[in-house]
Structures are given as structure tokens and as C-alpha cells.
Amino acid sequence: MSLALRLENLSKSFAVGKRLFGAPKGHVHAVHPVTLDVPEGETLGIVGESGCGKSTLARMLVGLLAPSGGHIEIEGQPLDNADPAQFGKRIQYVFQDPISSLNPRKTIRQIMEAPLKRLHGMARAARDKRISEIFAQVNLREEFLERYPHEFSGGQAQRIGIARALAAEARILILDEPVSALDVSVQAQVLNLLADLKARLGLTYLFISHDLAVVEAVSDRVAVLYFGSVVEVGRAEDVFSAPRHPYTKLLADSAPVVGRALSPPESRETELPDPLNPPKGCAFRARCPNAGPRCAEEVPQLEGETGQVACFHPLR
Amino acid sequence: MHLLTWTRRGLLATGTALALSFGLGLPATAQTPPGVLIVGQIAEPKALDPAAVTAVNDFRILMNVYDGLVRYKSGTLEVEPALATAWEISEDGTEYTFTLREGVTFHDGSPFNAEAVVFNFERMLNEDHSYHDTGPFPLAFFFSSVSSVEAVDDLTVKFTLSEPYAPFLSNLAYPTGLIVSPAAVEQHGADFGRNPSGTGAFTFAEWRSNEAVVVEANPDYWDGAPELQAVVFRPITDANTRTAEMLAGGIDMMVEVPPVALSQFQDDAFQVFEQAGPHVWFLILNAKEGPFADKRVRQAANYAINKEALVNDVLEGTAEVAAGPTPPAFAWAYNEALEPYPYDPEKAKELIAEAGAEGAELTFYVTEGGSGMLDPVAMGTAIQADLNAVGLDTTIETYEWNTFLGQVNPGLEGKADMAEMAWMTNDPDTLPFLALRTDAWPDKGGFNSGYYSNPEVDELLEKARVATDQDERAALYKQMQEIVQEDAPWVFVANWKQNAVTNDRVEGFELQPSFFLLLDDVSKD
Amino acid sequence: MGRYILKRLVSAVPVLLGITVIVFAIMAMIPGDPATAILGSYATPENVEKLNRDLGLDKPAVQRYFIWLWNMVQGDFGRSFSLNRPVLEEVLDRFGATLVLAGTSFVLCSVIGVAAGVVSAARQYGLADKAITFAVLLGISIPSFFLGMMMILIFAVQLRWFPASGMWPIYGDRTLPVLVTHLTMPALALAVVATGVVARLSRSAMLEVLRQDYIRTARAKGVPERGVIWRHALRAAMVSILPVLGIQAGFVLSGAVYIEMVFQWPGVGRMLVDAILKRDILLVQGGVVLVAACYVMFNIVVDVAQSLLDPRIKT
Amino acid sequence: MSTLALLARNRLALAGLIVMGLVVLLALVTPLLPLPDPDVTDTGNRFLPPFSEGALLGTDHLGRDQLSRLLWGTRLSLAVGFAAATIAAVLGAAVGIIAGYYGGRVDNLIMRGVDMLMAFPYILLALAIVAALGPGLLNALIAVAAVNIPFFARNIRGITVGIANREFIDAARLAGMNDARIILSEVLPNVIPVIVIAMSTTVGWMILETAGLSFLGLGSQPPQADLGSMLGEARAALITSPHTSVVPGAMILIIVMAINLLGDGVRDALDPRLRSGALTRPMAATLVRREDPAPEPQGDDVLSLCDLQTQFHVKHRVYRAVGGVSLGVKPGECLGIIGESGSGKSVTALSVMGLVASPPGVITGGAVHYKGEDLVGAPYGRLRDLRGREVAYIFQDPLATLHPLYKVGDQLVEAIRVHHALSDSEARARALGLLRDVRIPNAESRLDSFPHELSGGMRQRVGIAMALANDPEVIIADEPTTALDVTVQAQILSLLDTLRREKGLAIVFITHDFGVVAQLCDRVAVMYAGRIVEEGPTRALLEAPAHPYTRRLIACVPELGEGKRRLHAIPGLPPAVNDLPSGCAFAPRCDKAQPACRQGEIALDAYGPRRLRCLYPETELEGTA
């Protein structure tokens, strides 16, 4: 089994208080060094709350953001986005907001043609044929091609977004909250479509979401992100049903579930740490019921065999 | 509905406040005080240092604050005693000895004497003089023939000229020859222009930038204290606003009334004054190159332009048609026999056809305004229309006055075929000597921007300049005028009749042919 | 806050330096020279050249720039050729008059403009809105110099309600009511365009704010409509109105040029126009730098006001 | 609607268009008209008054025909104005796009330069440029264009920054485009409308500015006429012959005004927000246009909605957002309203206190009874009095719903003092108590915080505190936790639950999440396409949904703990509420639908505690229909 994606100590920090000349005032570490492997054909779910760095991570993977440290390998080769026409063929991205990811001033055909023309240099006839194929795969009618994005509902627009990503013929798709802007009935349609495409085309997905249930339903493996670090990685069926990291458990307990009584999963009224002034040691310790003295001193590293966890006092 | 009531209340309050303030303020606009004459000037003076300025506008103030050794007799351009009571001229015309008036003091209290006169001319002419740096003195060349000035005794001054120079006395009567207080120059240095001190009928009181220059009566004036308590010179650059102020009663007197506005002042509440002066408005023609190198085309231009229409319609009769280079105001030197070129477009076309200049393209420099330029844009436009009518395809380029001078004075060669120009002088010598001689071509430091050259004219002018006898000079000038008219180096257009308007409260005012504004005999109730 | 003001002041320095470069470069490019202006009709190439040498204008431009800048830093703005007096003295003399005129106009346009905009928005599509919209359109469509000319014709010459020109009567006391009568016409003529612009912008800013969720919150709390408009909406709308007021200050300052000419107001705008036409290089340079500095300062004030108004701006 | 049609709808813009059309037409045909040569002088006939023989508008100071000069001058002024606006727009846009797209230092440097130019009094800059280039209309045009470049650059830069951060730019990059291509094919088409708007609103300004320069004598060279130079030349005769000034002055006024009217029209037509009517000011209370008499109150509900109908009237379309909703909530009860976006649940909630933005919202029928009093028909004063005091709201996004410029404490104090004559310190003390009630740590210091200084969870606590300020009887919570993270959501839900039990509040809770409903609500109503399709006690309804929509909606939501799997999707899309099918709105997506479902009105029948609007329910409900 070969690796589709390999992240090694990938990190990103943003300068704060930039000036025209001279050094910035400080840095915010949006992503702490992250090491992850994604085998070909797998769906890796990445879950976390707002501000945990999941979108930053995704944007680094497709070259929209330059990492501050570490390496990315795509299908065994280091990421190189110098030539956009080459890069786009290897990895593609599906955006969270389907409408705003489509240029409102272009027809769907123009949007669909861009990757075919720029990445594959196809002639007009070949392009039309290919667009027809893709549209058939994502269940879109060809009459949509002459319309503008604002004429579509969220679900349709997201299919178009997926179709555009498919047109690049990349074998790895980064899906950044692809269904969170959609209504539940449509969300299920899109998720099923994604599953079908993957089975049919042998794609590899990196699926990012804040919705635990959705992530669990589509992923082979799940990585939980907290404050820019991966705190737990494991098989989808295990991660939430038997969490090892206290944060994962907190997440799982917080999700409203039919039939479970309402009780605050957290007694303390706590908030996320200040990113400009990060705490020492484990970032979660202030909210953690199991925190010990060591948690305040050292940053726990991701460890384990089948499931990995970054905690000195794992639950299991 | 609260919003509406609020608004209404607010409007009411604002309205009341405005009404109140208007009510309080209104009387202030009613009338100017008696005994104080408010003069609407065309511009802010550059300085009140007579040696440093060149504009008639500034002269109008200066003549009331300063005196020269001599002055023009009222209503003429002839010289009469002023600070000098008498003078003697040596046989060869190179030594002038003046006897100074006794007991005259400057406004700052320092005495007027021979040393003061020497100081004045040394400051202007001697580059090593310790106050030469209070210049520059653009008209110093009026006295370029002076080789030395000495104080013979306290009340006697002797000027020595390097060669005979006929216009010398006349130049002394010109504002450049006005005498300033050496003590004030020493005190204020470069700022003397803002703190003037002379011997004139009025003492300088105040200069508020762009608002007013105020002068007050000098009770000790040697020629009798003036009637007015004070004169206020207000710079109102815009002719229209000047007219409005005059009509609205904000000023008592205005000079250079725009021709179109004259009709407003025909009723009894106003008096209109007119006075022809030593002014000539002409077009310089480029005689060096292009169509105007041919005398016939130059003459054709003179025939083609309807000067009668220009002076009567565009200038509303504020000027007369000029016949030649010398204005009739220099009565003794003016050639009465000359008739202006008549308006004859057919003749013009003939001449043009003879010269083969049909359809020639001409570039015409027009200025937007300037000393004595008399509505130059309208004039230029009308002239252009006349030239176009006879088949000379004329294109106008307008320039602001100083830029215009920067373009014209170095010569028209390679740039233009014709340019507007006007001169006001105090002696018949000045204009032709500076602008018609071969030796006055721009590259030789003169103002002959059209490169006219006629050795006969050169000779006549040189002779007239050193002649000491006025009749001899007159004959030479009349001869010169004939030749020049025939050669047509210029289009002779107009001689300006300067005008002014006062309201009916002003009495005893007269305009001078010198274009100066003399106010010591004026009164106002 | 103090640090923020200091920071803004420091950041104004490069802008001002840039302005000195621009004005110097432009004046250096303008043909014609002060020597001609000084010498008047009697300027010959020879005299001009000599005078230019005396005035130091024969040095290379870069050198002249630094000499000028260095002198200016020391407070010496040089001497005006055309007015024969120190530039700084002259400019400061006139600046007061311009500030009175432009300041009054600015206050008028801000107060009337914002009030009109708010009323217009609050009564959207009502009679008041239509009347205001029309008046505003008329205001921004009329050339201010034409308006000024017409005002003189009607109110000074015909009706004699106001003096036709000037800032003070030539004789008599310089009292406030007298100033007001002189100021009324030019200040109104100058304010008209800016008032229109401000009113338009205030209206759309108010409309934009009025549809925000927090306005709905205010209503849901039971805040009376007057409070919703003037307290909740106007305050939020001011965040986008303020910067425009800053820009309008520049327009009013610029527009004062025409008004000062038409009404013979003894201000700096008219002086600068004359100075440009007369090639009075040092006067133009000094005047422009001071006017621009004033504008930059005013915008710092606006920025500070903005940061006081809007806590989200990082100070 | 097409841009042109929109333009035509705006009467003022139409007037502007017609006037402008006439002016342009006149300018175009000027060379063909039998007019005297505008440059031929006839000084004998100067200053002829208007309506003179052979000179309809009189003559000027050189006896030239005013009408002819006016038309030729208009031609020139228009051309110059448009050219200057175009040049300034193109160059300004180029600078602005480059600065906005590249950002960082490029942006910083360019914008500093722009700042410098803007600090320069623009008339003086224009004057200096003309002085440098020499007078002439072309140079005046260049100067006017040049001084306006910074304004365009600044404007366009702002727009570009917004666009450059949009996701479709990233998408284009991933589609293999380089920067130049992205600017040309992605950014530019989106900026062009803004450029056109900016241009159309500045052409008039440009004409004025060029006229200003001409007025100063720096524009067209005589004898050529443009409107500014006509005015400038006529100025000398303003008092004697005012007509020579009034004619060009009035023409400038007419042209500029027409352009401005037209420009406003173009702006309105091109602005998508105006297009959708979004820039209309919402009134203080929703418009009520009830045709049928208000239904009488029934039952002991503290708040009851009876056949409530709320519509949005946008242009000629009518969106029936709420199509006859009847609901009731008793004291101490929590009623959940669940539905997908567009189902009308929020509009229902906002209709209660007349908070639906209007225009375009209109309540067209039904009643809202609060303790028996009909709120729909109540005068604004009464409604205002009840708002926040008896019925309070909690909204979705606490960042947008709190006023960004006021401190949290002040907003709470205001909420209290609107209804109670308390002193400032008393109200403040009460506000502090409220913050403690909603468990905000360090409540004392939080009073002086601005909303943006708080986290999402804290902000929503403030929102709740504000709703509680006057001890209302009913709280309407419109998706209060949707914008929050799960952990925070859990805290907020548990807080709400505690508060309602402590204070005996009636809560109407709107959400799209079954999990949330299940945990908090006693009863739940399911909405689809503006109507309630099913209602009943939460547990019963979730365990045995009777309406196929309810059942399938529950089924398609993944639940935690079941691992990777395929989901049960509902095919198709919800119908648009301006085009509802007859019969059951869900029928087109329903696998059990029969022909009967597509005909006639299907009633919401009561079955004991449950109500259902379905002919072929999933489970048979007990009780009478």
C-alpha cells in the first residue's frame, strides 16, 4: 500500500502586527508540527472545533499557503506548486462555501473548462466530451452548463465544485467542510455522491469537518485536532465510541444525540487558550479533568500503534 | 413621529440663529465711511518699493506714498519740479544738477537730502552697494546711462551720464525714480517693500495680505495735506467681483473697469473717467520666418483686422485705433499725418495672393491677462476670426502672462508667427528703442521679438536718443513712425483710454495720461 | 491611545516627505521661471539668466530639493518672489482665512449632510427622502463657481443682503456678526457639493446599517424607533461616514480655491493658484506642504476619532 | 430582471436617461444642424438677448451665436468628461487591482503613494499639471484624469481585496491559472461593475472639474467653446448680460444632473443588493395587510399563533414564507420548531413581534395572541412596549446581533431602562446580576467589554442575559447555538434548560438539529415549505415519526457511534415558496406519494397530542382526526 499523502512535522505560524519594514510583533502558531500519513484509497477525517487549524492545514496541502516548517509529500514526491498547471493535476480541493467558490460572473461551462484547458490542454471537442462524462458522474444535467452560479442551490453548487475538482483528474481530494453549508437532506446526497466517486475512481480523501457524526460516517480513520495539534488518531469506529484523549471524549459527549439527557459535559466555564499567549505544556490541561503536574510542563507527543494519542493520562 | 418633530425643531432653531446673525450683520454692508476712499485695485501689489516693481497697479499706490525729484504736470506727460525745485543740464547733455526742496522729511522722520537721493540710486545701480541685495531692480536700466550720482551739498545732487540720454528726466518722473527713505531701507532690509516710507501725500499704515493696503493722510505734506483721511487699496483680481463691489457700494472707486461693465455706471450715482495715455496695443509679427517674413503679408494682416470693431465693440470704446508705434499721448512726437490702416479685407486678400500666402497656417500667442493687455483673449479671438476670414488659418495658444512673456521675450522664432503685446511708456523713445531696433533682437538683450530690422529706423532712433532738442527729436520720431507703419512689423491695433469709475461721493478726481492714480486733491463726503 | 496617536503621527512623516518630492518635481517640470515673473515685461534672456543664478536656480534639481528640505526642517520656507516676503509668514497669514471658510463649510456640510442623510434614510421613499434626494442631486450637479457667481449677482448686487466679497469690512470693527455676513455666501457655496456627497453617503450608510442584525436586536429589546435611528444606527453608520468626512475635508479645502477667487476671500487657495501661475516656486512648495500637512493632520484626527468610535480598530 | 429593465423602472433614472439621451443626440447631430459657425465673430451684435432675431439664445461678448456655441461646447465637454472618467477609471482600476490582488508590500507602497496624492489639494495638482503641460483641453483632460486616479485606485483596491480573498480565486489557482490570468479572467469581471458604477457616478464630477479648469482659462483654447470656458469668458459680463453666463451654467447643471441621475440608476441596477431590494430600510414593525378578520384566541397558551401567514413581496413575486402556521406554547413549556433552511421557521418566529424586515415582509393573515391580545393588529407603541419586556428574543449569530460599538454592559443597561425607570447604577447592578445568572466568569469586568472581545460562547450568554433582562414570559430562541462549537453548544443548551426551569419561562426554540430538539424541547413542530407538517411531544414524534418527511429527515442525519456507512438521502430539493405545488409540498420527493397527495389542501389534523398533515402517514396515529 503506497502513501497518497505524507505530512512530516508540517507547521504554520502567522505573523501578527506586520509593519512595512522590520520584524512583526509576534507569531500565532496555527498548526503545530503535524505528522500524518494517508494511504492511497483511504478517507482520513479531520475533526476539530473552530480555530483548531484544520483549514490552515488543508490549505497548506494544496499549496494555497506556504508551510512555515516541515514537508509534504504527495504520492511520494515533495509538494511543488511552482507550476500551477502541474500541481493541480495531483491534488484538488473542495471548498466549504460552494457558492463563493464559483466565480459569479462565469457560466458553469467556463468554470468547468478552466482546469481542462489549463491543466490538460484539451481541445474544445475533447473538453465538451469530458465535461459530459463528469457531469454524468456527479448527477448534474448538462443544461446547467450555460447557467451562472447564483442560479443554483447549495447542494447543486457543491456538486459543481466536486465536478470541477474531478476535472483536474487529481487522485487526492481535500474536502474542507464540504457539507457544512448544506441542509441535512442535501448533505446526505452529497456525502453519498462522494462515497460513490471514491469507490469508482479510487480516490483518496482528506475530509475535514467539525461535525463528528459526519466525519465518522465517511472516514476510514479520524484525526482529532485541538489548538493546532493532532491529539488523537484512530479508526473511525473507535475514536468516538471509545475515545482515548479527554478532549475527544468531551467532543463526543457534547454532540447532541437523540435520546441522551441534556447535561453539561463540562462543569467549568472554560474557553480556548489565547493563541498569542499559548500555555505551557498540554494545551488542553486547563479543561482536562485528568490533568496532572506533568501536563503543565511537557507537551505530550502522539504515540501508539493502531490508534495514536497525545496524552499523558489517556482514558484507555 | 418623534423624529419629525425633532427635525422641525432643529430647523426652526437653525433658521432663527441664521436670521439673527444676518439681522445683526446687515448694517455693516451699508456704506463706506466719509473721508476714506476705498479703491478697487486689479491685483495685490507685489511690493511697495518703487525700485522693485514694474506694474501699473503697484504704481497707483506708490505715487501717493512717494515723490520723485520731478513729476508729470497734471494732465500731461511733461516734467515739472517735485522734490527737486530746479535743475540744470550741461551743454553736452551728460550732467544734470538738481536743487532739492528744503525741509522735507520722510514719513519715518528721517530728513530728505542729497545723501538720500544718492543712496536711492546707488542702491539700484551699484552692485556693491550694501543694500543692493534688497532688489532685484528690474527697471534699473532706465538709469543705465547714469555713471555717477554725487551729493554736491546737502540740497544739491549731480548726476553724470555716460552719454547724452534724452528720456532721462522723464524717467526720473517715472515710479522707478521715486525716492525712498534710506533709514527705512536700512531698518527693514529685504522687507522694506512691506514697510514703505517715502515723502508722499499719504503715509503707509497697514498692509493686510490680499485684503487691503491702507495709507493715511500725511498732514505735513510739502505740497499741502490731502483732503482725504485715508485711502484703502483693495485688490480685487476678478473684474466681475470688482464691478459687483462697486455696484454694491463696497468700494468708492475702481480702475480698469471692464468694458462690458461700463454700461452699469451710466446713472448719476457714478462718474466715469477716461483718459488716453501713452499706451499701444499691437501684434508682434514674426518677420524672420514664415508668411510674415513677407512685408505684403504683414500689411495684409493690418488690413484684414477690423480695428474699429475691436475698439468700439470688444473694448466698448475704451480705446482708439492705433496708427503706428507711437501713441498720440506723446503729442510732440506723434505724427498726426499718419492714418491707420483701413479695414479692407479685399485688399488684404489681394496682398496675400500676391505673396502667395493663401491658406498659410499661423500660430498666434495670446495671453490671458497682463499689464495693459485689454481683454486679450476676446481681442485675440476676434482677431483670429478676422484673419481666418481672409484665408490665414490661425491657431490660438493662450498663456498666463508670465509664461507668455517667457515665451515671447526670447523671440518668436520656431514657435509662433504672431503674439499680442502692449506697452505703456513714459517717453516716445522707450518702446521703439527697445522693440524695433536691429540691436534689440532678443539675443542682443532687447524686446524685438519679431526680428524687425531696418537700418534707417535704427539710425533715426539712435539719433533721437542723444538729441537734446525736443523739436529735433520730434522730427526724427515722426520720420521713424512713417517708415515703421509702411514696413508693418506689427499690427497696430489700439491705444488705450484708461478708465475709472467713482461713486457720487468722490470729488476732485482726475485721471492722468501717465496712468498713475493721484489722490492728494480728491475728497469724499 | 497616546501611543496610537504617536504612531499615526510618525506614519505621516513618509507621506509628507512624499508630498515634498511630488510638489518639488512638479514645480521643477513647469516651464517658465520666477526670474521672468520678477522681471515682468522687461525680462530679457540675459537678465533672466543672471537672476536665476542669483536665486540659486541654476543648481541641479536634486541639490535644490535637499537644500529646500533642509531649510524647511529648520523652519525656513524661503522667500516668495512674487510677494517679496517670507513664504511661511505669508502662508500663515492667509491660512487663517482659509481655515475659517473651509472649516465653516466643513462643519456645515458634516452637520447638514449627516442630518439630511439620516432623515432621508429614516423616511426612505417618503416625501422628505425625495425632497432631500432631489436637493442633494441639485447640489452635487452645480458648479460651485457658477453658484457663487449667481449668489453674488442675486444676494449682493440685486438684494444687497450680503457683501459681495472679502472677509472683513475695510473699516469698522472685526466682530463676529460682521464676519458671519461676509462668510455666509462663500461658506454656503463651498459647502453645497460636499453636503450633497455627505448626505448621499450618510443615507446609504444608514440604510446599510439599518438592515444589520443588531438593529433588529435593538428593536427586539423594545428600543423606541428614535433611539434605534439616532443611537444605534447613526453611531454604527458614522464608522463609514467618518472616513468620507476626512476625504470631504480635502475636497472642501480644494474647492475653496474657486470660492476664494469668486468671493475674493483672502485665503491660501487663491494665493496658491496665483503662485502656480506666477511660477513662485517656493511659495507653491511651502504652501502646498503646509496645506497637505494640515490635511494629513486632519485625517489623523479622523482616524483617532474613528478609533474612539469603533473599539474594533486596533490602537 | 435585466439591468436595462431595472434601469427603466427607476423613474428618476429614466428621466436622467431621457435628458442625457437628448443631450447626446443633440451633440451628435450638431454638425448637421443649420447652425451659424460658432467661431465667427460679429462684434457689432454682441450681447444680443435670448430670442433675438437669428440668435435663439442670444450672442456672446464677440457676437457669436450662443446656441451654436452651446451645442458645440456641450459636445466637447461631454467628450472630455467621458474621456477623463474612462482614463481615470482604467488607470485607477489597474493600480487598485494590482495593489488589492498582490497585497502585502506592493499594496502598502502603492497605497502610500495614493495617500500622498490624495493629501495634495487636487485642484492645485490639476493646475500644476496643466501648468506643466501648457493650457489646452487635452491637457486639462489629462490633469483631471490624473488627479482622479487615486480615488478610483482606492475604491477598486478595496473591492479587489474582498474578491482576492474569495474562494473562487483559490479554485482558479488550483485549476492551473497563473496570477495574470486570474486577474484578467477571475478578478476583472467581478470588478468591472464596480468600475462602471464608479465611472457613471463620476462622469458628472469630471465634467465639473474640467469646466473648473476651463473656467480658470486653462482648458480649451479660444475660439473653441466648451461649457467651462464659455462660463469663464462670460463671467466678465455677469452683471450686464447674465444670460451669457446662465446659458452655459444651466447646461452644465442639466448635463451633470442628468448624468448623476443616470449614474444612480446604473448603480442601483448593477448593485446586487439593491437588485434584491436588500437596501431598503426595514421599518420599525412588520407591515400588516390582513384581509380576513383576525381569528379569536383559543386555549390557555401564553403565546399562540393562529393561521399566521407572512409573505415577502419582492418586485412582482410573492414568497409565501409562512403559509398559515398555528402553534401555541404554555408557560414553562419549551416548544421546538424544526425545519431546513427556507422552511419558514425563522420568519414564523420573527413575525410574532413584528420583526420581519419590511419591506419586503408583510403579514397577510392570521393572528399572534399573547395572553389573549392580538399582536399582529397591535399599534406600534404597544408592540414596542411588549418587545423585550414580555416576549424576548435570542438570535443566531451573537457577533452580528450585538451592537459592535457599545459595551456589553451598556447594551444590557439599555435593555433594562427601555422598560424600567431605573437609575443608571441600579440598572448596571441588575446587568451585573444578569451576567452572573448566565454564568459568565468575571462578570464585573465583562460589563466593560465590547462584543468582539468575547468568545462566541460568552457572546451568546450575553445575548441570553439580554433576553432575560426584563423577566419576560416568553423567549423566542432562533437557532441560538448554530454558530457555536459543539462543546460550547452543550454548555449553552444546558444553561437555557436550567434557566427555563428556574424561571418558568415559555421557550420557542428554533433549530434544524434533531439532537438539540430531543435534548431540550417538550414538544416539537416540523416545518416544511412554510407550513407545519407534523407536531407532537418530542419523544413520541422522534421515536415514531408519522410524516414521511419527518421520518426521512431523521434518517438522513448521521448519528454518532455507528461508524462508516451509507446515508439515507432524500432525493430532490425543497420547493421554492413562491412556486408551491398544490397539495402536499413534499409529494414530489416522497416515495409514498399518491395522486391524491398532489391535489387540494391537506389539513393538519389533530390526533390526541399530535397533529399531522399527511394522507398516507408512516405510522397510524391514535385519536380522532
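## A walk through a four-chain model

In chain B, B:Val149 has B:Phe159 of strand 7 as its bridge partner. That pair belongs to a stretch where strand 6 (residues 146-153) and strand 7 (residues 156-161) of chain B run antiparallel and share 6 bridges. A hairpin with 2 residues between the strands makes the link. For the terms here, two strands count as paired if DSSP finds at least two bridges between them, while helices (H or I, at least four residues) and strands (E, at least two) are DSSP runs numbered from the N terminus.

Some housekeeping before going on. This is a predicted model, in which local features need pLDDT of at least 70, side-chain atom pairs count only at pLDDT 80 or more, and totals for chains, interfaces and linings use all residues. Residues are numbered from 1 along each chain as its sequence is written, chains are lettered from A and ligands numbered from 1 in the order in which they are written, and side-chain values use heavy atoms, with hydrogens and water left out.

Staying with chain B, have a look at B:Thr425, in the loop between strand 17 (418-424) and helix 12 (430-435). B:Thr425 counts as buried because its relative accessibility is 7%; buried means under 20% relative accessible area, exposed over 50%, and partly exposed in between (1.4 Å probe, protein chains only). Setting aside neighbours within four places in sequence, B:Thr425 touches B:Pro278, B:Phe330, B:Thr430 and B:Leu431, where contact means heavy atoms within 4.5 Å.

Now for chain D and its sheet. Here 8 strands make an open, mixed sheet in the order 7-8-9-4-10-11-13-12. Strand 7 (391-394) and strand 12 (605-607) of chain D sit at the edges with a single partner strand each, so one side of each has no neighbour in the sheet. From one strand to the next, the twist averages 20°. Angles like this run from 0 to 180 degrees between N-to-C directions, and axes are lines fitted to C-alpha atoms, for helices over the stretch in contact.

Helix 12 (residues 345-352) of chain D packs on this sheet, touching strand 4 (334-338), strand 7, strand 8 (474-478), strand 9 (506-511) and strand 10, with its direction at about 150° to that of strand 9. Strand 10 (residues 523-528) of chain D is joined to strand 11 (residues 531-537) by 6 bridges, and the two run antiparallel. Within that pairing, D:Val526 stands opposite D:Glu534. Helix 22 (residues 548-556) of chain D lies across both strand 10 and strand 11, at about 100° to strand 10.

Elsewhere in chain D, helix 9 (residues 227-234) is mostly covered, with 6 of its 8 residues buried. Those are D:Leu227, D:Gly228, D:Ser229, D:Met230, D:Leu231 and D:Ala234. What do they pack against? The buried residues of helix 9 meet helix 3 (66-102), helix 8 (179-215) and helix 10 (242-270) of chain D, together with helix 7 (144-158) of chain C.

That brings us to chain C. Of the 4 pairs of chains that touch, chains C and D have the most contacts. Chain C has 12 helices and 0 strands, and its C-alpha atoms fill a box of roughly 80 × 55 × 35 Å along the principal axes. Buried residues account for 61% of its 315 residues. Among contacts in chain C between residues at least 6 apart in sequence, 73% join residues at least 24 apart.

Finally, chain A: no contact joins chain A to chain C, and their closest C-alpha atoms lie 10 Å apart. Chain A and chain B do not touch either, with 40 Å between their nearest C-alpha atoms.
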